[in-house]
Amino acid sequence: MKPTPGRPPLPQRAALQRGLLLALWALVLLRSSADGRLDLLLRAAFHPLVALAGLLLLALALVQLRLGLVDAAAAAERASRRQGLVLLVTAALSLAVIVLPPAPSFADLAAQRPGDDTAQEDLSFVLPPAQRSLTDWVRLLRSQPDPDLFAGDPVRISGFVLPMAGEPPQIARLLVRCCLADAAPVGLPVRWPGPPPPPDQWLRLEGRMAVTSSADGRQLVVLPSRIERIARPARPLEP
Amino acid sequence: MSPARLATAWALFQGLLIEALPFLLIGVLISAAARWCAPGGQWLRRLPSHPVLGPLSGAALGFALPACECGNVPVARQLLVGGAPLGAALGFLFAAPVLNPIVLASTWAAFPNQPWLLLARPLGAVLVAVGLALLLRLVPEAELLQGDLLAERRLALPLSEVSLLERRGGVLGGGVLGGGVLGGGALTAATGTPRRPSLAELFRHGGQEFLNLALLLVLGCLLAALVQTFVPRTWLLTVGGAPTLSILALMLLAMVVSVCSSVDAFLALSFAAQVTPGALLAFLLLGPVIDLKLVGLLGLLLRPRGLLLTIAGASLLVLLIGQWINLWRL
């Protein structure tokens, strides 16, 4: 690259613009790591990778900014119009991501996805009934499909209200292997004592398991004795 | 279009983007390391240019340079810029997202009871990569690769490999310095004596490469998030039991869902029982080659014609492999 005589003003230096852009992406990743939104978007295994990538991008941004100020060749490079456009779009986008945190409707998302159908042939360890999460219950019922085995067991679970076509809403959770894009719902039928709560409402249910007969055969249903409305938990996704 | 649905699309977009950005950065760092370790890319030019051995050697590089499909694009670009034979670079681009230790280990972890899948996935990926490389060889490089990539690539190639019509004014590609999409990265070979790029050059090139790819990734993630939100996935899985339809449906799902190849096996696990074995393999083969999230990134390497050929060729090959698996397993 042939250096142009003299240095362009600071806002027009390509290296400084690159540094600013990289810093914006770093901010997106670091802010996402810090404000807890990753719990809503990604499986926990990926969280350290996001934070590490944010730190690396920040380091790269600082190097670029330093080059734009100190290095003669880098400081002489004038930003192209295209780079200015990239700067504007990236700035708008990263600010939008930072300012508008994700607020997905789990019920809406789950309604469009087939339920998780992971076969779990044998469970090596089974928690006592009152300690089982909703996901534990669903997996246990898959490995031991006889509903009579669990009739009368105490239940203490939490989840969101998932509307079901042609039947009462279930209490459900989303399972995620990678990110929200692959979320799949798992749910348990509930015999609601009154009118069912609105979709997406998070609830904590305490009660017992009961067996009901339907056209599909005998199935387990949660008989709640206590229903408590709760805020969405900090980590709503399950692995 | 309800606000709740838009909010869901926004969250999906953030999930896809934030998950993919670290992998993109890894790819750019590998690409920068390759530029630093092998200035001028002489070893790249020693890769075989044989129509079949070339893609095979490129595919084998996946074991050494583990990256999923997003990180793969900058590395494949670096291979092309460095002067690697086209077949080898395409073999890497299309097969390495599957043929790498992380992806094979995750496939094994997701399907430990299906040994046929552990063999069929890498073999299928190699078949698709070789098939695509053979198909894309039919198109002249000048019509296949994007202009700025082609210009940088010609700088790395010996004069004897560049046609007289493509040479410009004494110094090869003299007109493109600094003008390309990613700036003048591999510009040192013009004089015939490759030199190691300075750290400032390396940071400049790597930084610009990341920024341009990130913007394309954003477009891909936006597209994938919107399609995922407004097209119910249950539609695609209702045909799970039909041999051919199930393959086509799962290919479409792989295109739409756009998850990283290192975790797609776990996603496939959630519906494996509902679909035919050929459809399951088709999902695991097509997603790493092409999906909505990748379209923008691949557009940085390939002209629209090459991109369309890649989509059509990969779909056809994966459909044929899926059909064959269904004949064998059903």
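Helices in this report are DSSP runs of H or I of at least four residues, strands are DSSP runs of E of at least two, and both are numbered from the N terminus. With the elements assigned in that way, B:Val98 falls in the loop between H5 and helix H6 (101-110) of chain B. The model is a predicted one, and every description below should be read with that in mind.

**Chain B as a whole**

Chain B contains 16 helices and 0 strands. Of its 330 residues, 58% are buried. When contacts in chain B between residues at least 6 apart in sequence are considered, 83% of them join residues at least 24 apart.

Two packed helices are described by the angle between their axes and the distance between the axes.

| Helix pair | Angle between axes | Distance between axes |
|---|---|---|
| H1(B) and H4(B) | about 20° | 6 Å |
| H4(B) and H5(B) | roughly 175° | within 9 Å |

Helix H1 of chain B spans residues 3-37 and helix H4 of chain B spans residues 69-81. Since angles under 35 degrees count as roughly parallel, H1(B) and H4(B) are therefore roughly parallel to each other, and their crossing is right-handed. On the H1(B) side the contact includes B:Ala20, B:Phe23, B:Leu24 and B:Ile26, while the H4(B) side includes B:Cys70, B:Gly71, B:Asn72 and B:Val73. The residues of this contact between H1(B) and H4(B) comprise 11 nonpolar, 5 polar and 2 charged.

Helix H5 of chain B covers residues 86-95. Angles over 145 degrees count as roughly antiparallel, and H4(B) and H5(B) are therefore roughly antiparallel to each other. H4(B) contributes B:Asn72, B:Ala76, B:Leu79 and B:Leu80 to this contact, and H5(B) contributes B:Ala88, B:Ala89, B:Phe92 and B:Leu93. By class, the residues of the contact of H4(B) with H5(B) are 7 nonpolar, 1 polar and no charged.

**Buried helices H7(B) and H14(B)**

Helix H7 of chain B, residues 115-137, has 23 residues and reaches 34 Å from its first C-alpha to its last, close to the 33 Å expected at 1.5 Å a residue. Among its buried residues are B:Leu117, B:Ala120, B:Arg121, B:Gly124 and B:Ala125. The buried residues of H7(B) pack against H3, H5, H6, helix H8 (141-144), H14 and helix H16 (304-329) of chain B.

One of these partners, helix H14 of chain B, runs over residues 277-289, and its 13 residues reach 19 Å from the first C-alpha to the last, close to the 18 Å expected at 1.5 Å a residue. In H14(B), 13 of the 13 residues are buried, so this helix is largely enclosed by the rest of the structure.

B:Val98 is buried, with 29 other C-beta atoms within 10 Å. Leaving aside residues up to four places away in sequence, B:Val98 touches B:Val103, B:Arg121, B:Pro122, B:Ala125, B:Ser261 and B:Pro288. Between B:Val98 and B:Trp108, which are 10 residues apart in sequence, the C-alpha to C-alpha separation is 12 Å.

B:Leu47 is located in the loop between helix H2 (42-45) and helix H3 (53-64) of chain B. B:Leu47 is buried, with 24 other C-beta atoms within 10 Å. Its contacts, not counting residues up to four places away in sequence, are with B:Gly54, B:Ser57, B:Gly58, B:Ala84, B:Pro85 and B:Ala88. Although B:Leu47 and B:Ala84 are 37 residues apart in sequence, their C-alpha atoms are 6.5 Å apart in space.

Between the two chains, 49 residues of chain A are in contact with 44 residues of chain B. H3(A) gives the most to the side of chain A that touches chain B, with 9 residues. By class, that side of chain A has 35 nonpolar, 6 polar and 8 charged residues.

A:Asp200 lies in the loop between strand S3 (184-189) and strand S4 (202-214) of chain A. The phi angle of A:Asp200 is near 80°, a positive value in a residue other than glycine. With 18 C-beta neighbours inside 10 Å, A:Asp200 counts as partly exposed.

Key
Residues numbered from 1 in each chain as written. Chains lettered and ligands numbered in written order. Predicted model: local features only at pLDDT ≥ 70, side-chain atom pairs only at ≥ 80, totals over all residues. Axes fitted to C-alpha atoms, helices over the stretch in contact; angles between N-to-C directions. Parallel < 35°, antiparallel > 145°, perpendicular 65-115°, else oblique. Left-handed = near helix turned anticlockwise from the far one by under 90°. Contact = placed C-beta atoms within 7 Å. Nonpolar A, V, L, I, M, F, W, Y, C, P; charged D, E, K, R; others polar. Expected span 1.5 Å × (residues − 1). Buried ≥ 20, exposed ≤ 12 C-beta atoms within 10 Å, placed from the backbone.
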